[in-house]
Amino acid sequence: MIGWKETQHTQGYSMTEDMAAAVLLPLLLLVCSANLERTASFDDTVKLECPPVNRGVYGQDTWIRCSVRGGSGRYVSRLVWKRLDSGTHGSTVSFFGVKDWNGGRFESGWDKVNMEVWLLVRNTQDADEGRYKCLAMTDQGYVESSTSLKVTARYTEPTVWSVPERNIVDDMEVTMFCQTHGGYPRGTIHWFDQYGTNWTRSAKMEAQETKDKRFDLTSEFTVWRVSSGSPGYRCRVVSSDGGREGEAELHLMFRDPEKSVQRWSNNSIVAVIVVVGSLATGVLLLVLLQRRGPPRKVHTEEEDIRNEEEGAEKEEEESTAC
């Protein structure tokens with residue numbers, strides 16, 4: 001080791017900070033891993049306490065903070081954050097004091113005033129969700145603790161429409177659609193009528209996963225016989241934990257009453273035909289009677305003979321009287 005230093009000194013070579021980091025970081029990782037397996041080397045008087053769950057929002061910066069407690073004169077000289085669900089031993093996401101590690105989105109540090117170690121996740125992504133472990137070397141020994149990161153992405157305000165969109169009439173079949181984008185984790189869409197009745201079980205929903213692991217939701221709800229007396233419906237976007245994220249209302253556009261085509265039942269059609277037919281028959285008979293005039297008297301042959309006999313009898317009676 002002495003010869004190495006002398007050789008470097010004689011050559012006028014001085015190691016840069018980046019080269020030192022390249023040499024020290026793997027050594028530090030090996031030391032931390034070795035100490036993890038040797039639990040007896042941990043100092044029981046110093047503890048690292050992390051919250052069970054940390055919540056991050058997609059596209060925003062997320063802070064994970066853990067408190068160093070116990071002991072006296074505490075000081076953190078080395079700090080490593082590892083992702084536990086990235087292989088058997090996990091993957092290192094940040095070294096204390098080293099910038100641009102792992103793409104520059106992760107950074108760690110030591111807050112001496114508040115006695116906290118922290119991990120900063122910039123531009124949080126869905127893929128960052130998981131469990132993390134912190135290993136800290138204090139002036140009294142190594143401490144460790146783990147925590148979870150839950151990532152959420154809010155869905156866009158839903159849009160809603162119907163097919164057909166206009167000129168709807170009573171008893172018509174209408175299908176309504178509700179759509180929202182870019183949420184995480186996968187949520188659901190609920191349907192309600194204007195009276196608050198939940199019709200979600202009668203709807204069909206499709207969740208499409210995007211390239212960045214978020215979800216686009218589309219729900220389809222069909223009403224077989226709509227009524228102009230209850231034209232109001234609304235869809236609600238619900239997150240995976242049951243929270244309400246957005247709503248959209250839809251009022252079915254019925255045709256104006258004066259433009260509506262009246263729909264007759266079979267009984268109504270029969271009744272109209274009977275009435276119209278009766279009126280037409282009555283009018284026709286009246287016209288025929290008016291054209292024929294008063295009825296004429298019809299004489300039969302028997303009546304003529306009877307009249308002749310009565311005339312002859314009258315004549316005989318008159319002659320006898322004379």
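## Notes on the predicted model

Of the 322 residues of the protein, 31% count as buried, where buried means under 20% relative accessible area, exposed means over 50%, and partly exposed is in between (1.4 Å probe, protein chains only). This is a predicted model, in which local features need pLDDT of at least 70, side-chain atom pairs count only at pLDDT 80 or more, and totals for chains, interfaces and linings use all residues. Residues are numbered from 1 along each chain as its sequence is written, and side-chain values use heavy atoms, with hydrogens and water left out.

1. **Confidence.** The mean pLDDT of the protein is 79, with 68% of its residues at 70 or more; pLDDT is the predictor's confidence in each residue, from 0 to 100. Contact here means heavy atoms within 4.5 Å. Where pLDDT is low, the predicted coordinates should not be read in detail.

2. **Overall make-up.** You will find four helices and 16 strands in the protein. Helices (H or I, at least four residues) and strands (E, at least two) are DSSP runs, numbered from the N terminus. Among contacts with a separation of 6 or more, 60% come from residues 24 or more positions apart. The protein exposes about 21600 Å², and carbon and sulfur atoms supply 52% of that area; the areas come from the Shrake-Rupley method with a 1.4 Å probe, and for residues only the protein chains shown count as cover.

3. **An open sheet.** Five strands line up in the order E2-E9-E8-E4-E5 to form an open sheet with mixed pairing. Strand E2 (53-57) and strand E5 (91-95) are at the edges with a single partner strand each, so one side of each has no neighbour in the sheet. From one strand to the next the twist averages 30°; axes are lines fitted to C-alpha atoms, for helices over the stretch in contact, and angles run from 0 to 180 degrees between N-to-C directions. Two strands pair if DSSP finds at least two bridges between them.

4. **Who pairs with whom.** E2 and strand E9 (residues 141-152) run parallel and are joined by five bridges; Arg55 stands opposite Lys150 in E9. Strand E8 (residues 130-138) is mostly covered, with seven of its nine residues buried. E8 is joined to strand E4 (residues 76-83) by seven bridges, and these two run antiparallel; Lys82 has Lys133 in E8 as its bridge partner. E8 also pairs with E9 in the antiparallel sense, over nine bridges, and Cys134 stands opposite Ser145 in E9. E8 and E9 form a hairpin, with two residues between them.

5. **Asp128, just worth a look.** Asp128 is found in the loop between strand E7 (116-121) and E8. Its relative accessible area is 3%, so Asp128 is buried. Beyond its neighbours within four places in sequence, Asp128 is in contact with Arg83, Arg105, Phe106, Val121, Asn123, Leu149 and Val151.

6. **Aromatic pairs.** Rings of Phe, Tyr and Trp (its six-membered ring) pair if their centres lie within 6.5 Å; planes under 30 degrees apart count as stacked, over 60 as edge-to-face and the rest as tilted. The count by this rule is six aromatic pairs. One of them is Trp161 with Phe177, stacked at 5.4 Å centre to centre with 15° between the planes. Trp161 lies in strand E10 (residues 159-163) and Phe177 in strand E11 (residues 174-183), so the pair ties together parts that are 16 residues apart in sequence. Trp161 is partly exposed at 33% relative accessible area, whereas Phe177, at 18%, counts as buried.

7. Trp191 and Phe221 form a tilted pair, 5.5 Å centre to centre with 40° between the planes. Trp191 belongs to strand E12 (residues 188-193) and Phe221 to strand E14 (residues 215-223), so this pair ties together parts that are 30 residues apart in sequence. Both Trp191 and Phe221 are buried. Together with Trp199 and Tyr233, these two residues form one aromatic cluster.

8. **Gly243.** Gly243 sits in the loop between strand E15 (232-238) and strand E16 (244-251), and at 26% relative accessibility Gly243 counts as partly exposed. Leaving aside neighbours within four places in sequence, Gly243 is in contact with Val237 and Val238. Gly187 is 56 residues from Gly243 in sequence and 9.4 Å from Gly243 in space, C-alpha to C-alpha.
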